[in-house]
Amino acid sequence: MKLVLLVLRVLCLASLWPVTLLDNRYPDRKRNKDVYLGEHAKHKFRGRIDHKLKRKDSTKSLLIKTEQLLRIEDHDFAMRPGFGGSAIPVGIDVQVESIDSISEVNMDFTMTLYLRHYWKDERLAFPSTNNLSRTFDGRLVKKIWKPDVFFVHSKRSFIHDTTMENIMLRVYPDGNILYSVRITVTSLCSMDFSRFPLDTQNCSLELESYAYNENDLMLYWKNGNDSLRTDEIALSQFFIEEFHPSHGLALYSSTGWYNRLYINFILRRHIFFFMLQTYFPTMLMVVLSWVSFWIDRRAVPARVSLGITTVLTMSTIITGVSASMPQVSYVKAVDIYLWTSFLFVFLSVIEYAAVNYFTTKEEMKKLKQLKLSEFDASQAMAFDGCFHDTDIELSTFPPMSDLNSDPCMTSLNSAVPELPRIMGTRLRRRRSIRQSVNHIMSNSYKIDSYSRIIFPVAYIFFNFIYWSIYS
């Protein structure tokens, strides 16, 4: 037995020896053989992989099965479900993701939200053993009927499409459908700026069917007041006080009544930003204009430059506020404050103009009196032999006994009859308004003294009235 095995082994080696010897003499032939065997094995392995992938990749067949399952080709989805019967109810559910911007100049707001529609279309019902729904993207949405909801008073809107269109369609076995879409919409908001910036704005986003009136389609909130949900929304200039849904009817003269849904929200403006940018600088400019009341009235360059600076600064503040606001035909609360403050600043400049005028007039009057006092007294005596200079000191007058012997005084006393003396209290006459004005004009320094009290008291009183009304 061992001998037989040994003979067989020798015969096998003898049969392989010529092939090995030939391969050693011709190495290219050996290399080509290896390449051939390797390519054959690789092609065979790749064929197995392609066969497995082909078995697993059922996208094309699944799409065909879906269209067949939902019987899309068997129905006319250009018509609404239950055409000719009662109105189809369509529930709406909204989740507000963010309020991107609020523009006072354009009177609009931009909002990003998830809009979900709920309705039933028995044409899309399909048999299912596990009662599980099927979810699709926007490609199948284009082949079925869906509600034509649009945003009333919207300026622009779009559906997000990164990385695919943000559309989701979910179909249940009994024909109930959930259609969800992520939208950013810019809509009109009629704002009232009569109390700006201490205002509260009521804005709303309105939804309505475009083609179907209330006889064909009935819009309603799916879960009542719980149909509107919001994320944590933080705005730079506003605080959201309330979000609440509501509904109503809209009448169009040519097409009839339509169901309309409202997303209402109340915005209250943050005042701190405007206090820093408008109110505090205005107050400081008004107070700065009062500094001129403590500057000497003869320092003309100092007081004039201070007054002009405050006036120009107030003009800049008013222009900046007006540029950021719409051109409305009524007066806003900030306009009342700014223009009243501007009036205080302007009056401080007018006050110095009055002080400077009366001071100049007073100095001219004194200069004129000084020139008259220098008139020669001897020339005045030439007329009647008596002194008429009123600036003679009392210490230089002679005693009364000498005055009585003076012929001038004797003639004067004889001309004036002696009045009887009346015993009783002495009454002081009150100054008239004209006399008070003349007194102030002759003492112009008192205008600054009065202004130091009148201007601050009046401005404090104005602020008290203003913040009591608008805050």
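Biologist: Why is Met-325 called buried?
Modeller: Its relative accessible area is 3%, and buried means under 20%, exposed over 50% and partly exposed in between, with a 1.4 Å probe and protein chains only. So Met-325 counts as buried. Bear in mind that this is a predicted model, where local features need pLDDT of at least 70, side-chain atom pairs count only at pLDDT 80 or more, and totals for chains, interfaces and linings use all residues. Residues are numbered from 1 along each chain as its sequence is written, and side-chain values use heavy atoms, with hydrogens and water left out.

Biologist: Where is Met-325, and what is it in contact with beyond its sequence neighbours?
Modeller: Met-325 is in the loop between helix 6 (300-323) and helix 7 (333-373); helices here are DSSP runs of H or I with at least four residues, strands are E runs of at least two, and both are numbered from the N terminus. Leaving aside neighbours within four places in sequence, Met-325 is in contact (heavy atoms within 4.5 Å) with Val-105, Phe-193, Phe-196 and Lys-332. Glu-104 is 221 residues away from Met-325 in sequence, yet the two C-alpha atoms are 6.2 Å apart.

Biologist: How do you know that the side chains of Glu-104 and Arg-269 make a polar contact?
Modeller: They come to 2.6 Å. A polar contact is a pair of N or O atoms within 3.5 Å; within protein, one must be able to donate a hydrogen and the other to accept it, and residues adjacent in sequence count only if both atoms are side-chain atoms. The Glu-104 and Arg-269 pair therefore qualifies.

Biologist: What about Ser-209, buried or exposed?
Modeller: Buried, because its relative accessible area is 2%. Ser-209 is in strand 8 (residues 200-209), and its side chain has a polar contact of 2.8 Å with that of Asp-148. The Ser-209 side chain also reaches the backbone nitrogen of Tyr-212 at 3.3 Å.

Biologist: And why does His-153 get the label partly exposed?
Modeller: Because its relative accessibility is 48%, which lies in between the buried and exposed cut-offs. His-153 also has a positive phi of about 65 degrees although it is not a glycine. Most residues other than glycine have a negative phi.

Biologist: Why are helix 5 and helix 12 called roughly antiparallel?
Modeller: The axes of helix 5 (residues 272-289) and helix 12 (residues 445-470) cross at roughly 155 degrees and come within 12 Å. Axes are lines fitted to C-alpha atoms, for helices over the stretch in contact, with angles running from 0 to 180 degrees between N-to-C directions. Angles under 35 degrees count as roughly parallel, over 145 as roughly antiparallel, 65 to 115 as roughly perpendicular and the rest as oblique. So helix 5 and helix 12 are roughly antiparallel.

Biologist: Which residues meet there, and how do they divide?
Modeller: Met-275, Tyr-279, Thr-282, Met-283 and Val-286 of helix 5 meet Tyr-459, Asn-463, Tyr-466 and Trp-467 of helix 12. They divide into 7 nonpolar, 2 polar and no charged, where Ala, Val, Leu, Ile, Met, Phe, Trp, Tyr, Cys and Pro are nonpolar, Asp, Glu, Lys and Arg charged, and the others, Gly among them, polar.
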